[in-house]
Amino acid sequence: MDEILKFLGIKELRPPQKKALELGILDKKKNFLISIPTGAGKTVIAEMALINHLLLDKGKKGVYIVPLKALASEKYEEFKKKYEKFGVRVALSIGDYDEDEDLENYDLIITTAEKFDSLWRHGIKLSDISVVVVDEIHVIGDSERGGTLEVLLTKLKELDVQIIGLSATIGNPEELSEWLNAELLLDNWRPVELRKGIYREGVIEYLDGEVKECQDIVKEVVKDNGSVIIFCPTKKKAENRALSLDLSDLLKKSEKRKLEEISEELLSLFDPPTELCKKLASCVRKGIAFHHSGLTYEHRKIIEKAFRERILKVICSTTTLAFGLNLPCRRVIISELKRYTRRGLTYIPIMEVQQCIGRAGRPGLDEYGEGILVAKDERDYLRALQCLTQKPEPIYSKLSNDSVLRTQILGLIATRYVLDEYDLEEFIKNTFYAYQYKNLDEIKKKIKEIIEFLEDCNFIKNFEVTPLGKKVSNLYLDPLSAKIMIDNIEVKDDLHLLYILCKCIEMKPLLRVYRKEEEELAEELLNYEIFISYENLEEFKTAKMLYDWINEVPEDEILKTYKVEPGILRYKVEVAKWLSYSLKEIAKILNKEVPNLELRLEYGAKEELLELLKIKYIGRVRARKLYSAGIRNREDIIKNPKKVANILGEKISKKIFEELGVRYGQQRLI
DNA sequence: CATGCTCCGCTTTAGACAGCATGTC
DNA sequence: CTAAAGCGGAGCATG
């Protein structure tokens with residue numbers, strides 16, 4: 001034990017960590033569910049278990065599962081820095097990134113549930129894995145992605161593996177831990193005190209009794225050298241809130257200069273800058289930023305870094321920052337307690353409110369953190385009180401999600417995890433779903449239908465996967481999407497192909513069709529002979545946007561035409577790229593030909609530019625410029641350095657030549 | 001007559017995981 | 001079941 005603590009550089013144990021040791025976290029057979037506040041040292045407890053396996057037992061491997069790719073990258077950097085000097089090899093494996101070498105050469109793999117599931121399907125060696133940490137395990141209650149995690153955990157439970165679940169505070173931790181055969185560790189200890197309060201009509205009422213008048217709940221904190229995160233219910237509200245604040249008079253000259261630099265950086269991400277870039281840059285200049293799904297990863301990275309370095313004082317965010325990411329601040333404000341959902345306007349779940357405010361209070365920087373809920377009326381006030389004082393809602397299994405169920409059942413059969421109906425039934429009996437609901441009639445009915453569906457599609461036969469089904473499973477597609485692809489495998493042209501991709505489940509949610517666009521879109525749709533009359537306009541609109549993208553329509557024009565933000569465009573393109581690859585692979589099995597749009601989607605360009613696009617620092621815009629000037633490939637560039645420099649400018653050309661291994665001006669291959 | 005302002009009613013509303021081989025029994 | 005900001009058109013006042 002001392003060795004582990006020394007390894008982790010821990011001098012003094014915090015109360016929850018002490019408790020974990022007492023409960024036997026170092027007993028390699030014992031599963032754990034750890035539910036303690038954010039910042040109280042959950043990760044360190046998981047690390048104690050990890051190191052216990054990795055360090056003292058050479059050859060054993062650990063897996064660390066997180067719900068977001070961004071979190072995976074963050075954890076990867078953190079662990080790599082900490083562990084590699086001790087010889088623990090850390091790997092990152094997420095959808096768009098895999099460690100170059102074989103994962104078997106690593107001791108600790110940071111990944112997402114979906115990717116781990118996929119690795120499993122592709123036959124990763126599991127026998128060496130002896131400990132799995134599941135960060136944010138309450139995600140099991142998420143209606144979209146919870147089921148995947150649940151199936152994964154059900155399988156892990158049957159392996160000889162220590163499972164460490166890390167969870168936010170939930171309403172039914174006993175239920176979850178019992179299902180996991182896990183020791184339950186509950187604790188409320190926090191490294192920094194959290195003061196909770198309700199803001200109403202110019203007054204903050206703290207739960208500890210203090211009542212104080214407050215003109216401006218944001219500036220007050222900034223004046224006192226603190227930072228603030230404001231959670232807003234919509235993207236627009238987050239932006240407007242950010243744009244309407246001005247901290248200029250509270251900023252030092254040096255800070256203003258740095259903010260100006262960041263502003264410029266944001267504007268240089270796109271050429272020409274998009275509307276969103278301009279908005280963001282203009283509020284960053286005043287010390288504030290907004291943060292939501294419309295931002296690209298690059299945008300987000302810049303904002304998060306500046307906030308961590310305390311250059312930015314305030315972030316107005318949607319739920320993008322609600323989970324996971326380590327961005328502490330002095331005060332968290334929940335600006336509205338209600339939010340529009342599929343079921344109309346509803347109160348934000350208590351669990352989410354508590355998770356949001358839990359990040360308040362930076363250890364070493366703040367004496368205490370503050371979670372402030374804004375109440376508009378009496379009902380809000382009562383709800384706020386409830387959020388701050390009562391325990392969160394219980395979480396429920398979401399295994400019955402159709403898409404998850406289809407994908408997972410095919411996966412279980414494809415990997416021969418279940419060999420017949422009996423196996424499958426036994427497996428279902430071991431799930432959290434069965435544990436919670438007891439009555440399995442409904443899900444059994446669903447499963448029966450899915451098995452029939454998979455047989456109809458020729459993905460399985462007598463509980464044996466067919467080569468086609470195996471492919472679908474390995475591609476990690478929803479079988480229904482695969483069916484849609486197969487039914488439409490006679491692809492007419494590029495737009496038609498993109499349209500088929502947009503019919504797939506993975507593409508959801510599609511671009512919204514606004515009232516005003518309906519007529520025009522419908523008319524255009526009918527003009528294409530390949531489509532039949534009752535096609536879906538949202539699918540068509542999304543396909544059209546992707547079509548514009550691969551045909552080099554300028555990005556800012558796409559954003560305007562389709563009323564989307566850069567982050568959304570990027571995300572849709574990313575999904576389309578994966579589906580396009582999948583469609584190609586499925587076509588191969590069926591001996592059919594389909595256009596290959598993968599690279600065109602990746603770069604957003606026509607076929608003829610692909611040669612140039614392989615070169616670093618050349619994107620769709622520069623490639624087009626070169627191509628128009630007659631420079632069409634690598635050789636042309638090397639032969640015409642002056643021309644290239646003329647078109648792209650001295651600086652960038654230099655970088656490109658370096659990239660090509662040619663000295664600028666000397667035109668010599670090294 | 002062009003421009004500007006107010007009012008009213010209609011429209012809109014969060015987030016983000018997954019592929020990438022092949023050959024042999 | 002439950003809201004509210006923002007946009008745009010209509011209608012009116014003003015120069």
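Predicted model: local features only at pLDDT ≥ 70, side-chain atom pairs only at ≥ 80, totals over all residues.
A few ground rules come before the tour. Local features here need pLDDT of at least 70 and side-chain atom pairs count only at pLDDT 80 or more, while totals for chains, interfaces and linings use all residues. Residues are numbered from 1 along each chain as its sequence is written, and chains are lettered from A and ligands numbered from 1 in the order in which they are written.

**The sheet and its neighbours**

Let's start with the strands. Helices (H or I, at least four residues) and strands (E, at least two) are DSSP runs, numbered from the N terminus, and two strands pair if DSSP finds at least two bridges between them. An open sheet of eight strands runs in the order β4-β3-β5-β2-β6-β7-β1-β8, with mixed pairing. The edge positions go to β4 (97-98) and β8 (182-186); each has a single partner strand, so one side of each lacks a neighbour in the sheet. In general, strands of a sheet pair through backbone hydrogen bonds, either parallel or antiparallel.

| Pair | Sense | Bridges |
|---|---|---|
| β6 (residues 129-134) and β7 (residues 162-167) | parallel | four |
| β9 (residues 193-200) and β10 (residues 203-206) | antiparallel | four |
| β10 and β11 (residues 211-213) | antiparallel | three |

Zooming in on the pairs, V133 sits opposite I164 in β7, and Y199 faces I204 in β10. V203 has E213 in β11 as its bridge partner. The two hairpins each have a residue with positive phi to look at. With two residues between the strands, the β9 and β10 hairpin has E201 at a phi near 45°. The hairpin of β10 and β11 has four residues between the strands, and there G209 has a phi near 110°.

UniProt, in an unreviewed entry, puts "domain: Helicase ATP-binding" at residues 23-188; its positions are given in the numbering used here, feature names are shortened, and annotations may be inferred rather than shown by experiment. That stretch is 34% helix and 24% strand, with its end C-alpha atoms 16 Å apart.

**Helix α15**

Among the buried ones are V404, R406, Q408 and G411. After α15 comes R416, with a positive phi near 60°.

A residue is near a strand if its C-beta atom, placed from the backbone, lies within 6 Å of it. DNA strand B is surrounded by 38 residues, the closest being G95, S118, H292, Y514 and Y581. Elements giving two or more residues to this surface include α5 (113-121), β16 (338-341) and α19 (467-475). The top contributor is α25, with five residues.

Around DNA strand C are K236, N240, Y340, R343, G344, L345, T346 and K376. Here α9 (235-244) and β17 (344-347) each supply at least two residues, and β17 gives the most, with three.

Notes. Buried ≥ 20, exposed ≤ 12 C-beta atoms within 10 Å, placed from the backbone.
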